Amino acid sequence: MRTGTINLFLLFAMLVFPAQPVFAAPRADVTEDQVTFDFPNTATFSATLEASSSITSVTLEYGNEQQTCGDVIAIAFPEFTSAKTTEVVWTWDMRQSGSLPPGASIWWRWRYTDESGAEFSSELNTAIWLDDVHDWQTITSGDLRLHWYGNDQSFAQTMLDAGVEGLRRNKEQAGLTTDAPIDLFVYPNYDDMREAILYEPSWTGGMAFPDYNIFIMGVSGSDSTWDKNTVIHELTHILVGHFTFSCIGTVPTWLNEGLAMFSEGALDDNMQSLLDQAISNNTVLTIRSLNGGFSELADKANLSYSESHSIVTFLINEYGQEKITELLSALRDAKPIDDALVEIYGFDTDGLEDLWRESVGAAPRT
C-alpha cells in the first residue's frame, strides 16, 4: 500500500503552484471520474485509474476559476494501492481551506505514473459548487444572471430589475461597468444563505465575491425595498472589486462600503438616526479605524456603514464623482490611501476626517 500523508495536504492545500506547460502524455485510462459535494463543507474527488503496469504515483491537480494575478494549481496526494487498476479518493475540506461561494466553478484532473515510467494525465473536468437539494431557477438580463428558489417568477424579476438599476447607477455615478457576466444567488431567507457559506458574521444579509463575479443574498421576507437595496449594494462591491483589482493594492473598507451604500440612495431612518446619535454623543468612529474590516457587533457595524455612506457622500457632493473614479484608479495602481487622497484631493485620511466632521457638525478629531 502506497499512501500520501494527510498532514502534508494541509500544507499543499494552503499553497498555490505556478501553472506549468502541459506536455503531451499518454492517454489516461480513467473511469468513474467524478466529484461529490457535501455542500458547503466538502468536495470529494474519486476515480478509477488503469495502466499497463502497476501505478506508482498519483496526484490530483485542482482549483477554481477566479480572477487572480496568475494561473495557479493546487496539488493533493491521495491514498492509493499500487496496482494496474486502482481506485483513488480525495476530499477537499472547505472547513480547513476556506469556503468557496455558491456557483463557483471547480476544475480537476488526475496525473499518475506507472512502473515503466509512463506518465498519464486525465482530461480536465469541471463542476459548479452548489447544493443539489433546491430547485434552482435562472433568469437573465444582459450580463446579469439571477438564480433563485423558494419564490415566484415575479419576485425574481423584481430582484433582477434592481440589479439592472444598480448597473445603471454605478455606471453613471462612478464609471463602473462589467466586462463579464455576474451571477446573483438569491436565498429565500437569511438562514438558508448563511448555511451556504462558512464562517461569516451572524448579521450578514448579503456577500460579494468580486474575484468570482458572484454575489449572494438572503431575502428579508418583509421589506422589498431593503431586498432591492441589498442587490444594488452587493453588485457595487463586484464592480468596485473588478475595477480596482490589484495584486498589491487595497481599497479601504470605508470607501468600498461607502460606495455600496451610496449606490443604494439615502440612508434609511434607522441608520441616519444611529449616525446622528453618534455625532451628538461624540462617539463617531475615526476614518482610519474604518480602513479594515468592520466589527462583528451589529450596532457598531451599522454605525460603520452609516459613517462610510456619509463620508463618500461628502466626497462626491463636494468634489464630484469624477474624482472618486480617479481615487479608485490610484488604489488599483497600488498607491496607499493617504498618497492617493493627497494626490487627488489635497488631503490625507486625517485631513478628510477633519473636513467631514466639520461638514456634519461633529466634534473636532482628537
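A cavity is a set of grid points where a 1.4 Å probe fits but cannot get out, whereas a pocket is an open set. Rolling a probe the size of a water molecule over the atoms shows where empty space is left. The model that you see here is a predicted one, and when the whole structure is searched, two cavities of 30 Å³ or more are found.

We can begin with the largest cavity, whose volume is about 50 Å³. The residues that line the largest cavity are Asn 170, Gln 173, Ala 174, Leu 259, Phe 262, Ser 263 and Ile 316, and the elements that contribute two or more residues to this lining are α3 (153-174) and α6 (253-264). Sorted by class, the lining of the largest cavity consists of four nonpolar residues and three polar ones, with no charged residue.

From there we can turn to the largest pocket, which holds about 1,400 Å³ of space. Its lining is made up of 49 residues, and those that lie nearest the centre of the pocket are His 233, Glu 234, His 237, Glu 257 and Tyr 305. At least two lining residues of the largest pocket come from each of α4 (190-195), β13 (206-209), α5 (224-243), α6, α7 (269-281) and α8 (298-319), and it is α5 that gives the largest share, with nine residues. In the lining of this pocket, 19 residues are nonpolar, 21 are polar and nine are charged.

Methods:
Residues are numbered from 1 along each chain as its sequence is written. This is a predicted model: local features need pLDDT of at least 70, side-chain atom pairs count only at pLDDT 80 or more; totals for chains, interfaces and linings use all residues. Side-chain values use heavy atoms; hydrogens and water are left out. On a 1 Å grid over the protein atoms alone, a cavity is a set of points where a 1.4 Å probe fits but cannot get out, and a pocket is an open set with protein on both sides within 12 Å along at least five of seven lines; lining residues have an atom within 4 Å of a point. Grid points are joined across faces, edges and corners, and a volume is the space filled by probe spheres set on the points. Helices (H or I, at least four residues) and strands (E, at least two) are DSSP runs, numbered from the N terminus. Ala, Val, Leu, Ile, Met, Phe, Trp, Tyr, Cys and Pro count as nonpolar, Asp, Glu, Lys and Arg as charged, and the others, Gly among them, as polar.
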